[in-house]
Each structure stands twice: as C-alpha cells, then as structure tokens.
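This report covers aromatic ring pairs and backbone angles in one protein model. The sequence and structure follow.

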Amino acid sequence: MRHQGRFLGLDFGERYIGVAISDESAIIAQCLEVIDTDQVNVWERLDQICAEYQLSGIVVGLARNMNGSKGMRAKQCEAFANCLEERYPEISVELWDERLSSVAATRMLKEVGQREKKRRVRDKIAAAWILQAYLDGTRRCLL
C-alpha cells in the first residue's frame, strides 16, 4: 500500500500558517505559501487549496516540547486539527511531531546563503520539512 494523491503540510502558528504540498505521488514535499492569519480568512484560503489540489490528506505539525510532553502550543495544534477534520471529513487529517522543524528551516536558509528577513519564509520551509518527514516516515512503515 502506498500513499496516493496530494498531501498538504501545515505549520500552525499564532500569526502565520506555513503551507506545503506534496506531488501527486506523495513522495516530495515543496513549499506552497504562508497564510497570514491577520490578513486572510484561513478557512476560505484552505477551502481554495483543498479544492484546487483535491487532497488525500492534511498533515499538521504537532508542537511537542523537547521532552515529548504536550504544552499549550500542542493543544492548539490538536484543536486546529480537530477543526480541519470537522470541516473536511473526506480528507484524512494527521498530526506529526514537528520538534526542531523551525530550527531545520532556519539552518536550511543559512546553508543556501539566505538571511531570514521574514519569519514567513521559515514557516513555509518548516511546513515542507514536516510534510516530508511524514511522507518519508509513513512510506518506511508501508514498505
């Protein structure tokens, strides 16, 4: 059994939601955009993305503490994932441990010589990192 169809990766934050999308074979994740929750209706934008890409699944980064426990941010991520499940019952919604995704995104930016001028760039890279980790991790389990 293999993943089929596109998956959406979300790095849920207080002001920004980093968004990534997989290819149709669900092998490679790529940055898509950042949703600024102060300027955009999140649900309208997610409705548009879901309609455009005909998603098979949504992966939400679960912000656990470094010791694995769940703090306030993890609870907010779980609540957001529950809202996604209610709004899109036909799409599978998964939570995936996102520890160090922002650190990895910042490191990637530095390695390619980019200064992190805007947090938004890091957020969509973190979303792609979360989604790629999910795709790789679940593919390993399916082999």
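Is Gln-54 buried or exposed? Gln-54 is exposed, as its relative accessible area is 65%; buried means under 20% relative accessible area, exposed over 50% and partly exposed in between (1.4 Å probe, protein chains only).

## Basis of the model

The model is predicted: local features need pLDDT of at least 70, side-chain atom pairs count only at pLDDT 80 or more, and totals for chains, interfaces and linings use all residues. Residues are numbered from 1 along each chain as its sequence is written, and side-chain values use heavy atoms, with hydrogens and water left out.

## Positive phi angles

Gln-54, which is not a glycine, has a positive phi near 45°. Gln-54 lies in the loop between helix H1 (42-53) and strand S4 (55-62); helices (H or I, at least four residues) and strands (E, at least two) are DSSP runs, numbered from the N terminus.

Ala-26, also a residue other than glycine, has a positive phi of about 55°. Ala-26 sits in the loop between strand S2 (16-22) and strand S3 (29-36) and is buried, with a relative accessible area of 1%.

## Aromatic pairs

The whole structure contains 4 aromatic pairs, defined by ring centres within 6.5 Å for Phe, Tyr and Trp (its six-membered ring); planes under 30 degrees apart count as stacked, over 60 as edge-to-face and the rest as tilted. The rings of Phe-12 and Phe-80 are stacked because their centres are 4.4 Å apart and their planes at 15°. This pair joins strand S1 (residues 6-12) to helix H2 (residues 72-87) across 68 residues, and both Phe-12 and Phe-80 are buried.

Trp-96 and Tyr-134 pair edge-to-face, at 5.3 Å centre to centre and 90° between the planes. Trp-96 is partly exposed at 25% relative accessibility, whereas Tyr-134 is buried at 6%. Ring pairs also link Phe-7, Trp-96 and Tyr-134 into a cluster.
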